[in-house]
Amino acid sequence: MTLLGLTVNAVCQVDVDVKDKVENQTNNKLNQKTDQSIGKGLNSIENGIKGVFKKKGSKDKTQTQESQKQESVNNPESKKQEAPVGLESYSKFDFVPGEKVIYYEDFSQDAVGDFPALWNTNGSAEVVTTNLFPGHWVKFNTEQAIWTDNLLTLPDNYTIEFDIIPAANAENNMAGYHVRLMQCINTKAFDYGSAPGKGGFHFQIEYFGRPSFSTWFLKGGCEELALRGTKEEEIYKEVLNHQYHIAIWVQKSRIRLYQNQNKLFDLPKALPVECLKVDRLRFEDGAAMISNIRIAVGAPDMRNKLLTEGKLVSYGIYFDVNKDVVKPESFGTLKGIAAVMSENPGLRIKIVGHTDNDGVAAANLDLSKRRGAAVKNELVKTFSIDASRIESDGMGATKPVAPNDSPANKALNRRVEFIKL
């Protein structure tokens, strides 16, 4: 189905024969590329399911545009003409992901058309690919919820990140979406109501794109601590079929929420620890596609790691699939490393890139070396660190820290190490 330039493809098991299914699974395996943190691309496929997506063999339907101006706003194709967002544009971006990755999901292990194996729902959703955004995505629509099936065990300090694309509803309009960090009551089923479970933090993109938040608590004596608010500026409104990176930083009761380079909300008393213990991530209502969900714990002590222990392992340096360009979301981590080097002028480091074992070993080795060099270049160019103080290298997949047997473990192996010389 074509939605304002975005083609979404899905395969439903009940609508395909054995030959089609084998072909799709083969394509899935051939196209998986997991050598960095944001998922793998698959070629678009022609089969779809009934209803929301086009039927097998049918032609894409041309969507009527409201106006040429609206087309340029909503059409992701127009985004390709925009200049790439530079690292400098994230100069106020202070997000630093947790030190240890405890959960990662890019749905690469799930067949296109299936519901993801490690999630649950009160309705339906399915794994899809698109013609514009690489990797596997889970698409949900209308009044449905999907959530992490196993309960999350989270400490006081943790970070949650995910990529999300607002999608069209059945009427081909933007429907918005909802995200909840909550403490559930039903550990294996859906918690109903506008204030489900025992309480939590609720982030919403409304149907016209405006971000808002609210909290709710059902424990006695906590109800009056609930908060709510919105972000009214046009610059923060999300639009149909554009990809956004959402990062949530929880430090005890404090929540900071980021949309791309912008900090939307900074709430010092959002989740009183005596009132709530988050154990579930849930997406619901509206229509969206999600992927590259990462949860990490512990604020990295960059100074101690570099100066005392002599090595900092970072999962906060981001790259696109098979590319060596440092993404702007890396600014917070690089800023912290640059600060340590600026305050310690005698410190010299080596930057070493690592990948998982997907793909050809020689290509992985070359990519990791180029990524190490790219990180060095950003520290020199953006943060004015003397190039003579930095060396770079890459080890490909030769030094794994976990078995390459799951998306979560592969995410652990895709890392950048900073080693004191």
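**Reading cores and salt bridges**

Modeller: Being four residues apart in helix α6 (residues 361–381), Asp-366 and Arg-370 are separated by about one helical turn. Please keep in mind that this is a predicted model.

Biologist: What do Asp-366 and Arg-370 form, and how far apart are the closest N and O atoms?

Modeller: Asp-366 and Arg-370 form a salt bridge, and their closest N and O atoms are 2.9 Å apart. The cut-off for such a pair is 4 Å between a side-chain nitrogen of Lys or Arg and a carboxyl oxygen of Asp or Glu.

Biologist: Which residue forms a salt bridge with Arg-210?

Modeller: The partner of Arg-210 is Glu-206, with 2.7 Å between the closest N and O atoms. Arg-210 has a relative accessibility of 18% and so counts as buried. Glu-206 is buried too, at 14%.

Biologist: Why does the pair of Lys-311 and Glu-417 tie together parts that are apart in sequence?

Modeller: The side chains of Lys-311 and Glu-417 meet in a salt bridge, at 4.0 Å from N to O. Lys-311 belongs to strand β17 (residues 311–314) and Glu-417 to strand β20 (residues 415–420), so their pairing links parts 106 residues apart in sequence. Lys-311 is partly exposed, with a relative accessible area of 39%, whereas Glu-417 is buried, at 8%.

Biologist: Where do nonpolar side chains tend to be in soluble globular proteins?

Modeller: In such proteins, nonpolar side chains tend to be buried together. In this structure, the largest nonpolar core has 49 residues, of which Phe-203 and Phe-283 touch the most other members. Strand β16 (residues 280–297) supplies the largest share of this core, seven residues. A second, separate core has 32 residues, including Leu-87, Leu-312, Ile-349 and Ile-351.

Biologist: Which residues is Phe-283 in contact with, leaving aside its neighbours within four places in sequence?

Modeller: Among the residues in contact with Phe-283 are Trp-119, Phe-140, Phe-162, Ile-164, Val-179, Ile-290 and Ile-293. Gln-144 and His-178 are also among the contacts of Phe-283.

Terms used: Residues numbered from 1 in each chain as written. Predicted model: local features only at pLDDT ≥ 70, side-chain atom pairs only at ≥ 80, totals over all residues. Heavy atoms only, no water. Core = buried A, V, L, I, M, F, W, Y, C linked by side-chain atoms within 4.5 Å. Buried < 20%, exposed > 50% of the residue type's maximum accessible area, 1.4 Å probe, protein only. Helix = DSSP H or I, 4+ residues; strand = E, 2+ residues; numbered from the N terminus. Contact = heavy atoms within 4.5 Å.
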